[in-house]
Amino acid sequence: MRPNVESWYEELKEEYNVKKIMFFGDFNGSIENELQRVERISKNVVHTASTKEGVDKDFTDFIILDAIYREAAKDSSPEVFIIFTGDAHFNLAIQYLRELNKKVIVYGVKYSLSNKLKSSANSYVEMPRSGDEQQYYYDAILTSLSILSKRRKMGTYNKTIENVSEHSGVSRDRIQKALDDLMNNKYITEETRTYKGKKPKVLVVNWKRAIKDGIWRKGKK
């Protein structure tokens, strides 16, 4: 899933007076296309790729830890630290911030957020939230059916589950549940069509309703 950075930022601004936000990463790699996106939120972007020829070690964790300790040491040190990580390497840093009476909140990816971080931080948020996760599945299904529609083809129930699962890497069970939800809520119906002498049941999307309810973005079809 593509991280919903903009949504997280808006959420944090509602609850906190955000003084500074920093992004760390090797933007020469697979996340190169995300650089412009994060720069719209903050110009404090730290490139963590090694500049030494022949060295490809990821120094991101060490650079983030250094930044945390530097911020904590300032006279105008923030009262709240919100850290996006799931790595247990940050546990000692979080404990140190707590000793300084700082409030520490950790955002981490569901199922890979260290239990040590959960217990050390004041609170934590696991991502994606169920709503975001479900929307991702909906989007994958509707994208598949949209592509077929443009090619003047139709998708069947079982074939759509198979194709979307294979393309997205998401289990068939989760895709099937999401498709069932879309069908139960009448965004997708199953209709019998005549095709080459046969009458298969195919999936038909109510695009207008999906757009109206925010399930599908207008103009994407």
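At what angle do helix α3 and α4 pack, and how far apart are their axes? Helix α3 (residues 60-73) packs on α4 at an angle of about 10 degrees, with the axes 11 Å apart. That makes α3 roughly parallel to α4.

This is a predicted model, in which local features need pLDDT of at least 70 and side-chain atom pairs count only at pLDDT 80 or more, while totals for chains, interfaces and linings use all residues. Residues are numbered from 1 along each chain as its sequence is written, and side-chain values use heavy atoms, leaving out hydrogens and water.

**Terms for the helix pairs**

Helices (H or I, at least four residues) and strands (E, at least two) are DSSP runs, numbered from the N terminus. Axes are lines fitted to C-alpha atoms, for helices over the stretch in contact, and angles run from 0 to 180 degrees between N-to-C directions. Angles under 35 degrees count as roughly parallel, over 145 as roughly antiparallel, 65 to 115 as roughly perpendicular and the rest as oblique. Contact means heavy atoms within 4.5 Å.

**α3 against α4**

From α3, the contact uses L65, I68, Y69 and A72. From α4, L92, A93, Y96 and L97 take part. These residues divide into 8 nonpolar, no polar and no charged. Here Ala, Val, Leu, Ile, Met, Phe, Trp, Tyr, Cys and Pro count as nonpolar, Asp, Glu, Lys and Arg as charged, and the others, Gly among them, as polar.

**Helix α6 and its surroundings**

Helix α6 covers residues 130-150, 21 residues in total. From its first C-alpha to its last it reaches 30 Å, close to the 30 Å expected at 1.5 Å a residue. The expected span is 1.5 Å times one less than the number of residues.

Buried residues of α6 are E133, Q134, Y137, Y138, I141, L142, S144, L145, S146 and L148. Buried means under 20% relative accessible area, exposed over 50%, and partly exposed in between (1.4 Å probe, protein chains only). The cover over these residues includes α7 (157-168), α8 (172-184), β6 (188-192), β7 (201-205) and α9 (207-212). Just after α6, R152 takes a positive phi of about 60 degrees.

How does α6 meet α8? The two helices pack at an angle of about 80 degrees, with their axes 9 Å apart. That makes α6 roughly perpendicular to α8. On the α6 side, E133, Q134, Y137, Y138 and I141 make the contact. On the α8 side are R174, I175, K177, A178, L179, D181 and L182. The residues of this contact divide into 7 nonpolar, 1 polar and 4 charged.

**Aromatic pairs**

Rings of Phe, Tyr and Trp (its six-membered ring) pair if their centres lie within 6.5 Å; planes under 30 degrees apart count as stacked, over 60 as edge-to-face and the rest as tilted. By this rule the count comes to 5 aromatic pairs. One of them joins F84 and Y107. Their ring centres are 4.5 Å apart and their planes stand at 25 degrees, so the pair is stacked. F84 lies in strand β3 (residues 80-84) and Y107 in strand β4 (residues 103-109), so the pair ties together parts that are 23 residues apart in sequence. F84 is partly exposed, with a relative accessible area of 38%. Y107 is buried, at 4%. Ring pairs also link W8, F84 and Y107 into a cluster.

**Positive phi in loops**

N101 has a positive phi of about 65 degrees although it is not a glycine. N101 sits in the loop between α4 (91-99) and β4, and is exposed, with a relative accessible area of 72%. K186 likewise has a positive phi of about 65 degrees and is not a glycine. Its place is the loop between α8 and β6. K186 is exposed, with a relative accessible area of 54%.

**C-alpha separations**

| Pair | Separation along the chain | C-alpha distance |
|---|---|---|
| N115 and N91 | 24 residues | 9.7 Å |
| N44 and I82 | 38 residues | 15 Å |
| E10 and I147 | 137 residues | 32 Å |

N115 is found in helix α5 (residues 115-120) and is exposed, with a relative accessible area of 58%. N44 lies in the loop between α2 (35-39) and β2 (45-47). N44 is partly exposed, at 35% relative accessible area. Not counting residues up to four places away in sequence, N44 touches K20, I21, M22 and F23. E10 belongs to helix α1 (residues 5-15) and is partly exposed, with a relative accessible area of 43%.
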